[in-house]
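Please look over the sequence and the structure shown below before reading on. The report that follows goes through a few of its parts in turn.

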Amino acid sequence: MNTRRRSTFAISVVAAAALLSACGSSESSSEPVSEPPSVPSASAADFNEADVTFAKGMIPHHEQAVEMATIALDPAVGARPEVVDLATRIQSGQQPEIDMMTAWLVGWGEEPHDMDDMDSMDDMADMEGMEGMMSADDMAAMSVMSGPAFDARWVEMMILHHEGALAMAEGAKASGQNADVVLLADGIIAAQQAEIAEMRALLGP
């Protein structure tokens, strides 16, 4: 494209942008700006109690999986490369989902549960009572293991943890109302079923 054509193209783009901006300004007083679908607003989002329960429960559930992954990534435990690879994927995959669900709850006017902000022993017991959640004793015992013993225990615990997440996601699909919640539940089911199969293969026959 020669210099003259580039100049003409640039002017056209600026003019079009100005026109669109003017149109948007004239309509802004009557039409509110919509929220992105992944972060619905409390007033406009289509959600129900099952959606809220799912997000509130899955956040600390994911947080514990990220904590387990962080332990596996500590060079001191000497985890095998396959475990390190899986832990890396769990950490990088589940943290963005935690952030997304937290944004949903804030948009819905709800207070997210946080594993680092449990007010009482009852709160902690509620979290540990969720499907697949490890107890504090389980986590402490695993964290002092190393080598093959660590690998086996970590994989066994993560399989149970994933199975709990699958049950929660299936519940959200059955009773949830929000389209983004159902989409996330589908993603969790697909990803964690595949990871369970991978971990069972690591344990061997």
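Which residues do ring pairs link into a cluster? The answer is Phe47, Trp104 and Trp108, and the sections below set out how these residues and others are placed.

## About the model

This is a predicted model, in which local features need pLDDT of at least 70 and side-chain atom pairs count only at pLDDT 80 or more, while totals for chains, interfaces and linings use all residues. Residues are numbered from 1 along each chain as its sequence is written, and side-chain values use heavy atoms, with hydrogens and water left out.

## The aromatic cluster

A pair of aromatic rings is described by the distance of the centres and the angle of the planes. Rings of Phe, Tyr and Trp (for Trp, its six-membered ring) pair if their centres lie within 6.5 Å, and planes under 30 degrees apart count as stacked, over 60 as edge-to-face and the rest as tilted. A search of the whole structure finds 2 aromatic pairs. In one of them, the rings of Phe47 and Trp108 have centres 4.7 Å apart and planes at 15 degrees, so the pair is stacked. Phe47 lies in the loop between α1 (3-27) and α2 (49-72), and Trp108 in the loop between α3 (81-107) and α4 (121-128), so the pair ties together parts that are 61 residues apart in sequence. The helices named here are DSSP runs (H or I, at least four residues), numbered from the N terminus.

The rings of Trp104 and Trp108 also form a stacked pair, because their centres are 6.2 Å apart and their planes are at 25 degrees. For accessibility, buried means under 20% relative accessible area, exposed means over 50%, and partly exposed lies in between (1.4 Å probe, protein chains only). By relative accessible area, Trp104 is buried at 0% and Trp108 is buried at 5%, whereas Phe47 is partly exposed at 23%.

## Helix α3

Helix α3 has 27 residues and reaches 40 Å from its first C-alpha to its last, close to the 39 Å expected at 1.5 Å a residue; the expected span is 1.5 Å times one less than the number of residues. Its buried residues include Val83, Leu86, Ile90, Gln94, Met101 and Trp104, and what covers the buried residues of α3 includes α2, α6 and α7. The helix is followed by Gly109, whose phi is positive, near 75 degrees.

Not counting residues up to four places away in sequence, Gln94 touches His62, Ala65, Val66, His162 and Gln192, where contact means heavy atoms within 4.5 Å.

## The nonpolar core

In soluble globular proteins, nonpolar side chains tend to be buried together. A nonpolar core is a set of buried Ala, Val, Leu, Ile, Met, Phe, Trp, Tyr and Cys residues joined through side-chain atoms within 4.5 Å. The largest such core here has 46 residues, of which Phe54, Met68, Met101, Met142, Phe150, Trp154 and Met199 touch the most other members. The elements that give two or more residues to this core are α2, α3, α5, α6 and α7 (179-203).

Leaving aside neighbours within four places in sequence, Met142 is in contact with Met68, Ile71, Phe150, Arg153, Trp154 and Met157. Met145 lies in the loop between α5 (136-143) and α6 (147-175), is partly exposed with a relative accessible area of 28%, and, leaving aside neighbours within four places in sequence, is in contact with Val77, Phe150 and Arg153.

## Salt bridges

Side chains of opposite charge can pair when their charged atoms come close. A salt bridge is a side-chain nitrogen of Lys or Arg within 4 Å of a carboxyl oxygen of Asp or Glu, and a search of the whole structure finds 8 salt bridges. Glu110 forms one with Lys56, the closest N and O atoms being 3.2 Å apart. This pair links distant parts of the chain, with Glu110 in the loop between α3 and α4 and Lys56 in helix α2, 54 residues apart.

The side chains of Arg153 and Glu156 also meet in a salt bridge (3.7 Å, N to O). Both residues lie in helix α6, 3 residues apart, about one turn of the helix. Arg153 is partly exposed at 28% relative accessible area, and Glu156 is partly exposed at 36%. Elsewhere, salt bridges that share partners join Asp85, Arg89 and Glu198 into one network.
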